Structure formats: C-alpha cells, structure tokens
Amino acid sequence: MLSERAKKEIEAALRKYPNRKSAVMDALRAAQKDKGHIAKDDMDEIASILEMRSVEVNAAAAFYTMYNVDRPVGKYHIQVCRNISCSLLGAEHLIKHMERALSIKTGETTPDKRFTLSTVECLGSCGTAPMMQINDDYHENLTEAKIDELLKKLE
Amino acid sequence: MHGVIIMATVKINGKEITVQDNTLILDAARDAGFEIPTFCYQADLMGIGSCRMCLVEIEGQKKLQPSCITPVLHGMSINTETPTVISARASMLEFLLANHALDCPVCDKGGECELQDMVYKYGPHKGRHAEKKFKFQEKDYALSPVIIKNSNRCVQCQKCVRVCAEVVGANVLGALGRGDHQEETSFFRHFLDCDQDGNCIEVCPVGCFMRLPYRYRTRPWDLKGADTVCPYCGTGCRMVIEHRDGVLIRSKAQLGVGLNSETLCARGRFGCDFASSTERLKTPLIRRGGSLEPASWEEALGYIKEHIPVNIGNKMGGIASPRLTNEELYLFQKLLRDIFGSPNLDSTARWEPEATEGFIKATGMDEGGVSVFDCMESDSVLVIGSHLSDENPVTDYIVRRIKNTRRMSLIIASPREMKLDSSATIKLRHSPGREAAVLDAIALAVNAGKPSPAEGAALKDAKIEDLIASAGVTKGAVEQIAQRLLAANSIAIIAGMEFLRHPEGIPELGLLKEALKSSGKKVLVMPALDRANQRGAWEMGVHPAFGPGYGPVKDKGLGCAGMLEAANRGDLDMMYIAGADVAAMHPDEEFTRKALLKLKLLVVQDIFLSETAKLAHVVLPGSSFAEKEGTFTNQEGRAQIIRKLLPPPGKAKRDLDVIRAVGEVYDPSFGPKMPVLVLDEIRNAAGMYAHVSLAFNNKRNTENKLDNRHALVQGSATSALSVTRFSAATTEPEGRFHLTTGNHLFHSGRFSRRSGTLLGLLSAAVVEISEKDAASLNLKSGDKVKVKGRHYEAILSLKTKKGSKEGVAFIAENYDDVPVNRFFKKGEPAPRVDITKVTY
Ligand code: SF4
Ligand code: SF4
Ligand code: SF4
Ligand code: FES
Ligand code: FES
C-alpha cells in the first residue's frame with residue numbers, strides 16, 4: 001500500500017508531464033521512500049494511478065538498480081561498485097571484507113535488519129574509486145579501515 | 001508531404017538500387033536480393049535495434065550499423081558481407097550462446113529454431129566462455145493454459161513483448177531487468193489472464209515461449225501441413241494446419257502471408273483440435289424407435305428418398321451453415337431450389353432474413369469487396385455495432401497496429417468496453433440496441449441539425465435531443481464525432497453483428513453513408529462478420545429472398561424463423577439442415593425444439609451430434625474444414641482457398657459429396673462433382689466471382705504485402721436487394737440489466753466448444769457487467785451470481801469491466817450449460833435480468 005504522502009507526491013509529479021505514464025520514475029521513487037523498497041502491490045497501485053499495466057511499471061523499475069523491486073532492504077543499504085575502475089582498485093577485497101564484518105553474503109540483509117549488502121555497476125565516481133553508496137550518500141577512496149570506521153558509526 | 005515520394009539511390013554490395021527515401025537498409029538489401037540475418041526485426045513491429053545480428057558496414061562510417069533501424073541516405077554505399085560484418089555476426093551469436101541453455105534435444109523449437117539455423121549458418125562452432133551459465137529458472141513454467149516458458153533460451157529480442165503491446169493490445173508482458181539478465185515475462189511470472197492468442201509464441205525465434213498443448217508431442221519435421229484459412233470468424237486469417245499420424249496437432253500463421261501475417265487469435269491458433277475430436281460423427285444415423293442408430297449411406301439415402309418426394313416445393317426447407325464452403329453452399333441452394341423446388345433457404349438461425357438482406361444492402365456487400373487495409377487508409381474510421389476485439393480479434397489487431405502508425409481518428413461506438421478502446425480517439429458508450437439513434441444523432445450533427453436530402457423523410461421530425469436521450473449518450477460526444485467526420489476526407493465504417501440483433505439500425509447505417517457521401521466524402525463500409533463464410537453463404541444465394549450473386553429469385557421463400565413457424569403450424573413437413581445448430585442458436589430455444597419435433601422429416605448433416613442433430617430422423621456425417629477443398633469469402637469479400645489435410649473420419653464424407661449424393665438420389669446428373677468445377681459454375685451464376693483471382697492463395701510472399709485486392713469479389717450487376725424498416729424494439733420494463741449477447745473472445749457459436757483447448761481456456765460461463773454496477777450491488781469479479789430473467793435463470797461467474805455502460809449485462813452465446821437463448825422469448829420484448837450474489 002502506498003502511503004498518503006507517496007500518493008500526494010505522485011499527484012504532484014503528474015502535473016509535470018504531458019501524459020500520465022511519464023511520471024512512472026517519480027512514482028517509483030515516491031513508493032521507495034515509504035519503506036526502502038517497492039513491493040508488488042505498490043506497482044499495481046502505481047499502474048492503476050498512471051493507467052499502465054503492472055508489468056510496464058515493473059519493467060521500468062527493474063531496469064534500474066536504484067529501485068529495490070520486491071526486495072526489502074535494511075536500514076542501511078550498502079551498494080558497492082564492482083565495475084572496472086573499482087575492481088582494479090580492490091573492490092572485490094572490500095566486498096569480502098564487508099561480508100566478513102557483517103556476517104552476511106552479498107545480496108543479504110543482517111538478521112537485525114540494519115544492513116543490506118549489494119553490488120552495483122559503475123556509479124560514475126571512478127575518479128575516486130573504489131567507492132560505495134550507503135543509502136543516498138557516496139563514500140569514496142575506500143580502504144578496509146575506512147569501511148570499519150564507517151560501519152561502526154552506523155551501528 | 002502527402003503524395004510526394006522522394007527516392008534515394010544507394011549501392012549495396014556494389015549493386016546500385018533506387019528505393020524510397022527512408023527505406024530501411026535491411027529492406028532495401030532484401031529487395032536487392034541480399035540476405036541479412038535478424039532476430040529483433042519484424043515487419044509490423046516498431047524497430048528497437050537490440051540484437052545486432054543485422055549489422056552492416058557503411059562506407060565512410062567507422063562503426064557497423066544495425067540495418068533494421070538505419071534508413072538509407074542518397075548516395076550511401078553499403079556492404080553486407082565484409083569480413084568485419086561476418087565476424088561481428090559470429091560474435092553476436094557467441095554472446096547469445098554464452099548463457100543459452102543449449103538444450104536443443106529437449107526443446108520443442110528444435111528443427112524450426114532461428115537460433116539453431118543462424119548458428120549453423122553464421123556462428124562460431126566453438127564457444128570460448130568458460131564462466132558458469134546464468135539461469136533464469138530451473139524448470140519451465142506455465143504462463144497460461146496454453147503458454148509454457150523457458151527463459152534460459154531467450155535472445156532478448158523483445159518481439160513477444162512488442163507483439164503483445166503493439167498488435168494484440170493486451171500489453172501483459174514486459175522486459176524485466178537488463179542486459180543478459182533481462183527476462184521477458186509476465187508480472188512476477190503470474191499466470192496470464194490475457195487473450196491467450198499465442199502470438200508471443202509465434203514470434204519467439206527460439207524455444208522460450210512455447211505452446212503447452214503441443215509440448216513434447218512431435219518434432220516439426222514429422223508434421224505434414226496444409227495452407228488454409230481459419231474456420232472461425234469472418235476475418236479470414238490464413239493459417240497452416242499440421243497433423244501427425246492423422247491427428248491435427250497445431251495451426252500456425254506465416255510471416256507475410258495472408259492479411260493476418262504472423263498473427264492469429266486464440267480460436268484460430270488453439271481451437272482447431274476440434275477436427276480430431278473423438279466426438280466426431282463417423283457414420284450415418286437413422287432414428288429407429290426412439291434412438292438414433294448407425295446405418296449405411298445406402299440406408300440413409302434410401303430413407304431420405306422414401307420420405308422426401310421430388311419437387312416437394314415449399315413443404316420443405318433448408319438451412320446451411322456459414323461454415324460450409326462456397327461450393328457446398330452453392331450446391332445446397334441448387335439442391336433446394338432445382339431438385340426440391342423449395343424457395344425456403346437460410347444460412348443462419350440467428351437473424352431475420354429481412355434483416356440480413358437490409359444489412360447486405362446497407363453495408364454495400366453487393367457493390368463488391370472492401371479491403372480492411374483500404375479502410376485503414378481513411379482519415380477517420382468508425383466502428384459501430386461490433387464488439388470487434390472479441391468478435392473479430394485479428395481485425396482488431398490490424399486496426400490497432402495501423403492506427404498507431406498514422407494520423408487518423410478512430411471512433412468506437414459500443415455499449416461494452418473493449419480492448420480497442422485504448423487506441424480510440426473517441427469512444428462512445430451508448431445503450432444496447434440503440435445503434436439507430438446513435439447514427440441518426442451523428443447524421444443530424446454532421447448536417448448541423450438539418451437532415452440532408454439523402455436522409456429525407458426518415459429524419460424530418462427527428463430531434464437530436466430525443467435521439468441522444470434514446471441512445472443514452474451526451475450531445476457533446478456526438479458533436480465531437482461529427483466534427484471528426486467533417487474534418488475527414490475519407491471515412492470508413494466497420495459495422496458488425498449488432499445491426500442484425502437490432503435491425504432498426506440498418507436503414508440508418510445506409511443513411512449516414514449516403515449523407516457523408518453527399519457531403520463529398522469518400523466512404524467505405526466493411527461488415528464485421530462472426531462466421532468464417534457468412535458472406536459466402538449470402539453470395540451463394542443461401543437466402544430466401546435472393547439467389548447467387550444477390551440476383552433475383554422467382555419465388556421468395558421463408559427464412560429460418562419463418563420455417564420454424566410454418567413447421568409449428570404444420571405447414572412445413574421437412575427440413576434439411578447442414579451444419580447449423582438451429583436448436584442451440586435460434587432465439588427462443590423452447591419454441592425451436594417444439595417446432596423441429598413437429599417435422600415429419602428432419603435431415604441433419606453435421607460433424608458432431610449437435611443439439612439439432614439429436615432431434616433428427618437422419619444424421620449425415622460431414623467433414624471439417626481440414627478435410628476438404630473449397631473457398632471461403634471473408635467479411636471483406638476476399639475469396640480464399642481452404643485445403644485438405646486429412647480424410648474425413650470413418651464413413652464421414654466431404655460435405656460437397658453428401659449434398660451431391662442427396663441430389664443424385666433424385667437426379668443422377670446432379671453436380672458438378674469437384675469443388676473446382678462448382679467454382680466454375682459459381683463464376684457463371686454469380687458475376688461477382690467471375691474475375692476473382694485465387695492466385696495469391698498459392699503464394700508465399702516475402703514482401704509482407706498483405707493486401708491482395710484481386711481476390712476481392714466485384715460488384716453484382718443483378719443485385720435486387722431492399723432495406724426493410726424495423727420498428728424500434730421494446731425492452732421489458734422489469735429488471736435492472738438489459739441482457740445482450742455475442743461471441744466470447746475464445747469461442748465462436750457452439751462449434752468451438754468441441755475444442756478441448758478452448759474449453760480449457762474458459763470452462764465456466766461468465767456474465768459481464770460494468771464495474772460501477774458491480775460496486776453498487778456489492779459484487780466483484782469472480783463472484784458467483786444468479787442471473788434471473790422472466791423465462792430463465794442461471795448461475796454464472798461475474799466479470800466486471802471498468803469502461804462498460806451501466807445497466808448492461810452480457811452473456812456470450814457460446815455456453816452449452818447456460819444457453820443464452822433461453823432468456824429470450826419469441827415475439828416478446830428484449831429481456832431484462834436481475835443479478836444477485838449467490839452464497840452457499
Ligand atoms: S497470448 Fe497474446 S495476450 Fe497473452 S501474452 Fe501472448 S501475445 Fe500477449
Ligand atoms: S522470449 Fe522469445 S520473443 Fe521474447 S525476447 Fe526472448 S527470444 Fe525474443
Ligand atoms: S477466429 Fe477470426 S480472427 Fe481468429 S484466427 Fe480465426 S479468422 Fe482470424
Ligand atoms: S567503476 Fe566504480 S564508480 Fe565507476
Ligand atoms: S535485427 Fe537489427 S538489431 Fe536486431
């Protein structure tokens with residue numbers, strides 16, 4: 001179920017576009033704000049508001065890794081880049097390190113629902129590789145020590 | 001830019017050709033005789049250029065370009081077979097195979113798979129990928145009762161998604177995810193509540209979307225096929241039917257062939273299994289004592305001879321089904337008229353002969369064929385009196401596809417919501433059976449309130465206010481439609497079967513056509529017919545008021561309803577019914593049975609023991625469309641060949657042979673014997689057919705030129721038709737809903753109920769009402785409800801539609817367990833019903 005806030009945000013977005021379908025990205029973002037991910041029935045609801053098919057909403061959402069489609073994430077969603085630049089500078093080791101530190105595998109959420117660890121493709125910050133994104137913030141020029149410190153702060 | 005064609009001259013592999021500017025390189029190359037492999041390209045679908053199989057080299061450009069989305073430019077020099085191109089193709093295939101399951105031995109597509117063919121021809125014969133293959137799923141999953149999916153074989157061409165959205169208009173598939181993890185499937189792989197037409201299967205180049213009923217039953221090279229025409233609706237889709245060991249296993253469409261190209265609807269694609277049904281009649285039957293007993297042909301024909309005297313005249317009547325071929329229908333009327341001397345003939349149990357005659361005249365069928373593609377070239381197209389999306393699904397596809405690619409307006413007038421609404425410029429929801437008022441209101445609005453001379457007396461005293469009230473529409477909507485029509489230079493009207501259910505609208509259809517013509521518009525009218533050879537049946541003269549080619553007859557006879565009344569009075573003793581299930585389809589079932597039971601002799605020729613056959617004295621087993629040769633004339637007036645795939649089962653015979661055998665009992669020279677010879681006689685008797693060319697029926701065409709006008713019938717020089725005015729029908733006062741009927745998307749009359757696959761798609765009977773009505777009655781889709789009329793009540797499951805007119809209930813005419821004709825009563829107003837929830 002979309003929250004009233006999300007519905008209002010979608011209504012506002014609709015005014016920006018000549019046709020309803022165009023507001024799909026805004027609508028998905030509004031839905032994700034509610035609970036950190038987009039559930040199946042959120043997509044049904046968005047589809048009926050935007051006069052689309054649920055599968056079209058799903059297709060738009062599934063194209064972008066920023067949307068967590070039908071995948072609840074923890075309070076902190078850690079997305080580590082593993083594309084070329086970051087990998088050359090040790091992203092794989094950092095991922096292993098975080099898996100150990102959080103005792104979960106990539107793609108999983110800690111049992112206390114605080115952390116979700118994901119890998120993503122290039123986030124456009126190659127100049128400061130290796131890097132990752134936690135919720136909306138970038139963390140750059142990472143080292144294992146830097147990560148430990150970060151995680152501690154979040155605990 | 002209208003009318004100005006700019007040409008471009010380009011070189012392809014050194015060969016100079018001149019094509020229209022904007023032609024795709026791919027099309028230009030194919031025209032010039034060069035083959036370019038493709039996966040994602042398909043004529044009639046929007047190009048997406050995603051698979052990169054079609055890369056070519058253009059001189060002066062560093063990168064290879066996808067030829068399926070790159071138009072030619074004047075002066076371009078293009079090479080399709082350079083070493084770079086050849087190695088690029090191999091690389092693309094290597095990428096596709098990186099994750100492909102390579103499980104050809106257990107894949108139904110094996111042997112007709114485009115990926116197999118392509119790798120064999122262009123591919124690397126060794127892969128270099130050492131990584132583990134990515135898998136979408138471990139096991140194939142069913143997406144519907146007719147679709148099974150294996151995504152591990154996907155080449156991500158998205159043809160399935162595009163055909164479903166752009167052509168079918170169902171739009172229930174999506175490309176989910178991206179890159180090699182992109183899966184083309186339904187929302188969360190849910191079971192699909194869709195049109196079940198399987199066009200996604202047909203366009204899939206590999207074994208991803210597959211037919212569930214066909215699963216593991218055969219290999220394509222073990223099938224034998226015949227290129228024929230769908231036996232269901234009047235669209236007239238061309239298809240190939242295939243059998244293995246005498247069992248009809250599948251039907252499929254062919255890219256670029258027939259007006260339907262690669263598309264079919266659920267009936268055509270999955271409904272042909274009825275031909276191999278175990279319930280087929282295999283031997284003649286004669287009523288002995290109370291029951292029908294097997295008999296030989298000699299006995300059956302002997303029985304007929306004993307009971308029907310030659311020249312029995314109007315004590316006899318004949319009804320022949322609009323699913324028979326032109327040749328059979330022609331011979332049938334010849335038998336009735338020439339041998340028995342009876343003018344009583346009809347091809348339908350559902351409509352009055354005056355209504356069919358008027359409809360033929362008003363839609364101009366006697367003026368010759370009208371191509372659906374010509375209609376779609378018009379500036380404005382009006383669909384009225386037809387639930388096109390369900391009655392003629394592939395016509396709906398053609399309208400949608402072309403509408404979305406050109407500037408034109410599409411106006412839909414119908415009481416019920418239909419899929420095509422989403423492509424409509426204007427949709428008008430009017431009260432059921434009020435086509436007459438809708439047309440009159442439009443005609444008045446077109447003439448700014450003053451009827452044109454053509455409308456003369458009919459509209460003299462009409463007031464637009466009364467008309468819109470009676471039609472249940474708003475003045476604004478009617479004026480909008482009028483504006484669209486006035487702005488158009490050319491207009492096409494697609495008019496369907498509702499005009500026959502409510503014949504008051506027929507003269508008004510003719511009037512609007514004349515009014516538009518007299519204001520200088522080019523007007524085309526195309527009927528939308530729900531039986532494969534309904535038009536052919538009329539053109540062969542199976543009608544009480546006219547002969548072959550709509551020519552005049554000496555004596556006018558009775559139509560179906562008239563014959564039943566005469567039988568009931570005792571004025572008609574005998575009937576020969578070929579293929580028509582009168583007891584099931586004639587409005588007012590009870591009366592029909594009573595009348596048929598009074599006959600001294602009822603001869604029924606059919607392929608199943610229909611409701612009518614059960615009442616017969618003699619039953620003659622005929623043949624399905626798969627067991628004979630002949631021609632069908634579709635709704636546009638296009639004559640098309642049907643071909644024999646199998647022999648008739650058991651002792652059953654081709655229908656032409658059955659009709660001829662009955663004739664020969666009285667006149668040994670009755671004939672002709674062969675379908676082609678009958679067609680020659682038809683060409684003589686009905687001038688409309690004299691110059692019809694069937695040549696295209698024998699050709700595969702690679703240019704995707706779907707319109708074959710030389711197969712259209714010409715105008716009739718002898719037509720003697722008139723339009724009867726029917727007084728407006730009344731409806732019962734009681735009851736919340738006005739009951740209407742028509743065909744379900746998956747069915748066609750009762751006939752399709754013999755298809756096991758189609759039965760599986762829709763087993764329970766459904767009543768459809770608007771969402772608003774449902775809400776106010778506290779009902780929702782899926783509820784079991786009781787539908788109660790004055791004469792009949794039944795329990796059905798409820799389906800709601802958002803955009804339907806309130807106060808309208810629809811029950812398809814196809815259910816054997818809920819025969820909708822039991823709600824109707826002869827001579828009484830149109831039925832109204834109440835709907836209540838059933839709680840157990
Ligand atoms: S069967 Fe038709 S409607 Fe259903 S998914 Fe396939 S193309 Fe779409
Ligand atoms: S399922 Fe078939 S048609 Fe659809 S994208 Fe995959 S290969 Fe193409
Ligand atoms: S039923 Fe009609 S639309 Fe469907 S495949 Fe047959 S002819 Fe075409
Ligand atoms: S590769 Fe990691 S940010 Fe670009
Ligand atoms: S056919 Fe041209 S890119 Fe697919």
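**Figure 1. The two domains of chain A.** Chain A is divided into domain 1, spanning 4–63, and domain 2, spanning 76–154. The structure shown here and in the following views is a predicted model. Between the C-alpha centres of domain 1 of chain A and domain 2 of chain A the separation is 28 Å.

**Figure 2. The contact of chain A with chain B.** Nine residues from chain A and 11 residues from chain B make up the contact. On the side of chain A that touches chain B, the most is given by helix 4 of chain A (residues 54–63), which supplies seven residues. Sorted by class, this side of chain A holds four nonpolar, two polar and three charged residues.

**Figure 3. The largest nonpolar core.** In soluble globular proteins, nonpolar side chains tend to be buried together. In this model the largest nonpolar core has 257 residues. The residues with the most contacts inside this core are B:Cys164, B:Val438, B:Ala441, B:Ile442 and B:Ile494. Helix 13 of chain B (residues 435–446) gives the most to this core, contributing 10 residues. Another core, of 23 residues, lies apart from it and includes B:Ala794, B:Val818, B:Phe824 and B:Val833.

**Figure 4. The contacts of B:Ile494.** B:Ile494 is one of the residues with the most contacts inside the largest nonpolar core. Leaving aside residues up to four places away in sequence, B:Ile494 touches B:Cys375, B:Val381, B:Val383, B:Ser386, B:Leu388, B:Met526 and B:Ala528.

**Figure 5. The setting of B:Ile481.** B:Ile481 belongs to helix 15 of chain B, which covers residues 475–487. This residue counts as buried because 24 other C-beta atoms lie within 10 Å, where 20 or more are required. When residues up to four places away in sequence are not counted, B:Ile481 touches B:Ile411, B:Ile426, B:Leu428 and B:Ile442. Of these partners, B:Ile442 is also among the residues with the most contacts inside the largest nonpolar core. B:Ser409 is 72 residues from B:Ile481 in sequence, and their C-alpha atoms are 9.6 Å apart in space.

Terms used
Residues numbered from 1 in each chain as written. Chains lettered and ligands numbered in written order. Predicted model: local features only at pLDDT ≥ 70, side-chain atom pairs only at ≥ 80, totals over all residues. Domains from an automatic or database assignment. Helix = DSSP H or I, 4+ residues; strand = E, 2+ residues; numbered from the N terminus. Buried ≥ 20, exposed ≤ 12 C-beta atoms within 10 Å, placed from the backbone. Contact = placed C-beta atoms within 7 Å. Nonpolar A, V, L, I, M, F, W, Y, C, P; charged D, E, K, R; others polar. Core = buried A, V, L, I, M, F, W, Y, C linked by C-beta atoms within 7 Å.
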